Amino acid sequence: MAQRTRAVWRLRTRTLELGARTLVMGVVNITPDSFSDGGLFLDPEAALARCMQCLDEGADILDLGAESTRPGANAGTNVGSLAGSAPPTVSAEEEQARLLPVLHGILAASPGAIISVDTYKAATARAALNSGAEIVNDVSGFTWDPGLAAVCAEFGAGVVVMHTRGRPEEWRNQPQLAGDALVAMVRDGLAQSMATAARAGVALESIVLDPGYGFGKRFEENYTLLARQAELLALGRPLLAGLSRKSFLAHTLAGIEKASQVSRENVSHSRESISFEAKEHASLAAMTAAILNGASIVRVHAVQAAVEAARIADAICRVE
């Protein structure tokens, strides 16, 4: 069992103590096409209601996303800044039109709420921070929009720096990596992102690191990374783990289901065949493993169950 990093996380207007207990970040996707909850919260009123429910269930942070970065999505094209690169499917203007009404509604209803914005676009980050967001959660680790780190530094925002291997349309064709090479790739990529942040003026105390489960990692690679996650603590900053409803978990359950139904004929065993309850059980199991392997924050869809499971994991972590 790993010893978690005890640290202060400096946000835009406040600080959070990390490491004493697990903080729960509740995810609300304001998108039509996210793999887990696409379309459920695209309406601002539905999204706001879900955010309030997450807070009532014990979420410490709300993470709002208005563009899907699921496998195959046309995201991360440097926002058209590279010669010959196509713009992302969701423009900054559309992303903000989805995001900002919900952000404003949350802060009107709950002024003390801590809001993270899941975006890789500097323009959207600026608009959200101006509107009261505290954290920018960048799945690209400051690699997709070269202006984002400077915006985060300007506002003194908290940042979640995630490791991503390539772009969503490339993930299915990447070669499998052995354990040492995989961990080294994630560690070195996060170190490079931290260096980019530092050059832009982002304070070290503002950074939390995310290994990026599912983001350019093949199915089994995610388990290797989870088992060795604590090695990333050597980078000196706390870890956030986002394992909720990841496809590699459903892939594993599909294998179990297939083995238990070998006598059936013409049965399709895809991740879509896995029950909602089974996906949630798998998510909680992976989340608990992440906490025991050094995560200080967990990013989840089902908040109440995560809060309860995290409390048990925290009790284990406190045993000397």
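Leaving aside neighbours within four places in sequence, which residues is Leu103 in contact with? Contact here means heavy atoms within 4.5 Å, and on that basis Leu103 is in contact with Leu64, Ile115, Val117, Ala128, Ser131, Gly132 and Ala133. This is a predicted model, in which local features need pLDDT of at least 70 and side-chain atom pairs count only at pLDDT 80 or more, while totals for chains, interfaces and linings use all residues. Residues are numbered from 1 along each chain as its sequence is written, and side-chain values use heavy atoms, with hydrogens and water left out.

**Confidence**
- The mean pLDDT (the predictor's confidence in each residue, from 0 to 100) is 89 for the protein, and 86% of its residues reach 70 or more.
- Over residues 80-84 the pLDDT is below 50, and this stretch has two contacts in the model beyond near neighbours in sequence.
- Residues 262-271 also have pLDDT below 50, and for this stretch the model shows ten contacts beyond near neighbours in sequence.

**Overall build**
- The protein contains nine helices and ten strands, where helices (H or I, at least four residues) and strands (E, at least two) are DSSP runs numbered from the N terminus.
- Of the 320 residues in the protein, 52% are buried; buried means under 20% relative accessible area, exposed means over 50%, and partly exposed lies in between, with a 1.4 Å probe and protein chains only.
- Among contacts between residues at least 6 apart in sequence, 72% join residues at least 24 apart.

**Nonpolar cores**
- A nonpolar core is a set of buried Ala, Val, Leu, Ile, Met, Phe, Trp, Tyr and Cys residues joined through side-chain atoms within 4.5 Å.
- The largest such core has 67 residues, and those with the most contacts inside it are Leu64, Leu103, Ile106, Phe142, Leu243 and Met287.
- Helix H9 supplies the largest share of this core, namely six residues.
- A second, separate core has 13 residues, among them Trp9, Leu16, Val160 and Ile297.

- Ile312 lies in helix H9, which spans residues 303-317, and Ile312 counts as exposed because its relative accessibility is 57%.
- Leu48, found in helix H1 (residues 44-56), counts as partly exposed because its relative accessibility is 26%.
- Leaving aside neighbours within four places in sequence, Leu48 is in contact with Val102, Gly105 and Ile106.
- Leu48 and His104 are 56 residues apart in sequence, and their C-alpha atoms are 9.5 Å apart in space.
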